[in-house]
Amino acid sequence: MSPNSILWQTILKDLEKLYNEETYNELFLPVTSTFKDQNGLLTMVVANEFLKNRINKLYIAKINELATKHSNTPVRLKFIAQDEVVEEPTTDRKLTIDYRQGNLNSTYTFDSFVVGRSNMFAFRMAMKVADQPGAVANPFYIFGDVGLGKTHLMQAIGNYILDNDVEKRILYVKADNFIEDFVSLLSRNKNKTEEFNAKYKDIDVILVDDIQIMANASKTQMEFFKLFDYLYLNNKQIVITSDKPASQLTNIMPRLTTRFEAGLSVDIQVPDLEHRVSILKRKTLTLDADIEVSEDILTFIASQFSANIREMEGALIRLISYAQTFNLDITMHVVEDALGAVLKTKKKSNELNENNYDKIQSIVSDYFQVTLQDLIGKKRHTKYTLPRHIAMYLIKLKYNIPYKTIGSLFSDRDHSTVLAACEKVERDMKMDSNLKFAVDSIVKKLDSTLTK
Ligand code: ADP
Ligand code: MG
């Protein structure tokens, strides 16, 4: 038996205890499954629409709770009626982007989203939101640096909701388009107002991408605020993405940011190397079945692009189309030819050398707005000691050089001072989420400059 069918058998045992015999026999026992495991989303098949609706309305929450309890990874079950089962398309998906109703990119699904430590929580919560729009977390606020999957995850919510109910009206809008729409509304043309309302109010789910772009557009913000309240009060799901936490948005009116903070915020971090390799593997599958890229080469590419998945995918796509054009097997040599120039400049700055210790010090001092001199020097105000300790900790973390050597980079401090500082940062990070956020942001900056 496959792990998924074992899981379903285990869930069945619980359901048998929880519900009466009639319900159990009529609803749960006859369920079959495609056991097509899409990233923890299992598709279960029931005989007809009626049974499907009953399960989805009354029992789905319990079933998913049991599923998660019995498997240590996030699992959701999705119930569909027999006549909704579709054969897998046999043709491979090409690069063409396929937009579906509500202008969603249909390739941005939960299924194609590779889950790892950096996005696990965001992913789990996104699935919950998609399961019960308007009920779990409203608004649902996703933040993280550029190229890390915010738009993908946001649209996956929309695609999932549509997959379960094609009637649902999902509106995906980039914040800049919202501004444009609003500005044209200002022409005070009555038709425009109706158009605007029809577009934005007559919907079930709104996905607003890159909200930080609304900074300074105060009239637009006011209009968005009204829309937000209208949708919120009508229990419509609102999903927002941003490059920073709501509390750090600048030039966005507090009445908006406080509303964002009142919902659920999740962040997406930079994926680690192994995770990046999985993303690349996944990507090769969707690109072209004919071409093989070895694990070594995928690992090489992943190691070169640490801070931006979009750039990393771009390199892979470039490599594959280069190899196809010249009909070559992909070897390291071909990689060099296809990605040559970009990689050469990266290589230089990637080498571990003392400059990188400097770099850590300079990024930390920049982040905390203290001078390099103060960072390295002996002043004891916390304004300086905190950044100093963080810089020591990061040098230890990244290069694992002796504490004594680190001390020499900070006005000759001794081994025990550095050791104490590193341990303190490590300990405090566990309890202080602001500190953790600061350290994570610095690491992100660092990783992106070291690979640039
Ligand atoms: P953002 O909106 O945060 O700038 P995107 O959502 O546009 O980033 O993601 C950039 C690219 O990386 C997209 O092609 C997206 O599909 C891909 N991507 C990001 N995260 C993942 C992931 N976890 N699994 C698979 N692909 C991903
Ligand atoms: Mg985006």
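Predicted model: local features only at pLDDT ≥ 70, side-chain atom pairs only at ≥ 80, totals over all residues.
Start by selecting ligand 1 and the residues around it. The shell has 17 residues, and the closest are Val-114, Gly-147, Thr-151, His-152 and Arg-310. Coloured by class, the shell divides into seven nonpolar, six polar and four charged residues.

Next, show the polar atoms of the ligand. A nitrogen atom of ligand 1 is 2.8 Å from a polar backbone atom of Val-114. An oxygen atom of ligand 1 lies 2.8 Å from a side-chain N or O atom of Lys-150, and an oxygen atom of the ligand is 2.8 Å from a side-chain N or O atom of Glu-313. Of the 550 Å² of accessible area that ligand 1 has on its own, the protein covers 92%. Helices α5 (150-164) and α12 (309-325) are the elements that give two or more residues to this shell.

Now turn to the aromatic residues; the structure holds 19 aromatic pairs. Select Phe-113 and Phe-123: their ring centres are 5.9 Å apart and their planes are at 0 degrees, so this pair is stacked. Phe-113 is in the loop between β5 (104-105) and α4 (120-131) and Phe-123 is in helix α4, so the pair ties together parts 10 residues apart in sequence. Both Phe-113 and Phe-123 are buried.

Move to helix α7 (residues 190-200), where Phe-196 and Tyr-200 lie four residues apart, about one turn of the helix. Their rings form a tilted pair, 4.8 Å centre to centre with 45 degrees between the planes. Phe-196 and Tyr-200 are buried, and they belong to one aromatic cluster that includes Tyr-141, Phe-178 and Phe-437.

Finish with two charges over rings. The charged end of Lys-201 sits over Tyr-230, 4.8 Å from the ring centre. Arg-255 lies over the face of Phe-225, 5.0 Å from the ring centre.

Notes. Residues numbered from 1 in each chain as written. Chains lettered and ligands numbered in written order. Heavy atoms only, no water. Near = heavy atom within 4 Å. Polar contact = N/O pair within 3.5 Å; in protein donor to acceptor, adjacent residues only side chain to side chain. Areas by Shrake-Rupley, 256 points an atom, 1.4 Å probe, with all protein chains shown as cover. Nonpolar A, V, L, I, M, F, W, Y, C, P; charged D, E, K, R; others polar. Phe/Tyr/Trp six-rings, centres within 6.5 Å; stacked < 30°, edge-to-face > 60°. Buried < 20%, exposed > 50% of the residue type's maximum accessible area, 1.4 Å probe, protein only. Lys NZ or Arg CZ within 6 Å of the ring centre and 35° of its normal.
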